[in-house]
Amino acid sequence: DMQMPIMNGFECIQMLRENEKTADIKIIAVTSFAMEEEKTRILETGIEAFVSKPIDTREFPKIVERLLKRKTK
């Protein structure tokens with residue numbers, strides 16, 4: 001979630017990418033901010049997918065499945 005308390009999603013993504021143990025994990029950003037400018041900013045962090053709230057419970061598992069089938073970096 002990009003709007004977490006204490007540490008926002010941008011800080012979390014940066015922390016994960018800087019740690020060699022977590023640098024290659026797949027990240028799906030979840031946010032209630034669906035404006036194109038915010039989506040672009042989020043995608044520029046290098047995440048693998050973006051989902052806006054409310055989450056489509058039929059589509060979300062498909063996104064996860066697609067990411068899990070991709071080869072790691």
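Helices (H or I, at least four residues) and strands (E, at least two) are taken as DSSP runs and numbered from the N terminus. The structure is a predicted model, in which local features need pLDDT of at least 70, side-chain atom pairs count only at pLDDT 80 or more, and totals for chains, interfaces and linings use all residues. Residues are numbered from 1 along each chain as its sequence is written, and side-chain values use heavy atoms, with hydrogens and water left out.

Two features of the backbone are described first. The peptide bond that leads from K53 to P54 is cis, with omega near -5°. P54 belongs to the loop between β2 (49–52) and α3 (60–69). I6, although not a glycine, has a positive phi of about 70°. This residue, I6, is placed in the segment before α1 (9–18). For solvent accessibility, buried denotes under 20% relative accessible area, exposed over 50%, and partly exposed the range in between, computed with a 1.4 Å probe on protein chains only. I6 counts as exposed because its relative accessibility is 92%.

The nonpolar interior was examined next. A nonpolar core is defined as a set of buried Ala, Val, Leu, Ile, Met, Phe, Trp, Tyr and Cys residues joined through side-chain atoms within 4.5 Å. The largest such core has 9 residues, namely M2, F10, I13, L16, I27, A29, I42, I47 and F50. Helix α1 supplies the largest share of this core, with 3 residues. In soluble globular proteins, nonpolar side chains tend to be buried together.

With contact defined as heavy atoms within 4.5 Å, and with neighbours within four places in sequence left aside, F10 is in contact with M2, E38, R41, I42 and T45. The charged end of R41 sits over the ring of F10, at 4.0 Å from its centre; this arrangement requires NZ of Lys or CZ of Arg within 6 Å of the ring centre and within 35 degrees of the ring normal.

Salt bridges were assigned where a side-chain nitrogen of Lys or Arg lies within 4 Å of a carboxyl oxygen of Asp or Glu. The whole structure contains 4 salt bridges by this search. One of them joins R17 and E48, whose closest N and O atoms are 3.1 Å apart. This pair links distant parts of the chain, since R17 is in helix α1 and E48 in the loop between α2 (36–43) and β2, 31 residues apart. E48 is buried because its relative accessible area is 16%.

R41 forms a salt bridge with E38, the closest N and O atoms being 3.9 Å apart. Both residues, R41 and E38, lie in helix α2, 3 residues apart, or about one turn of the helix. R41 is partly exposed at 46% relative accessibility, whereas E38 is buried at 16% relative accessible area. Residues up to four places away in sequence not being counted, E38 touches F10 and F33. In a further salt bridge, the side chains of R58 and D56 meet at 3.7 Å, N to O. R58 counts as exposed at 64% relative accessibility, and D56 as partly exposed at 34%.
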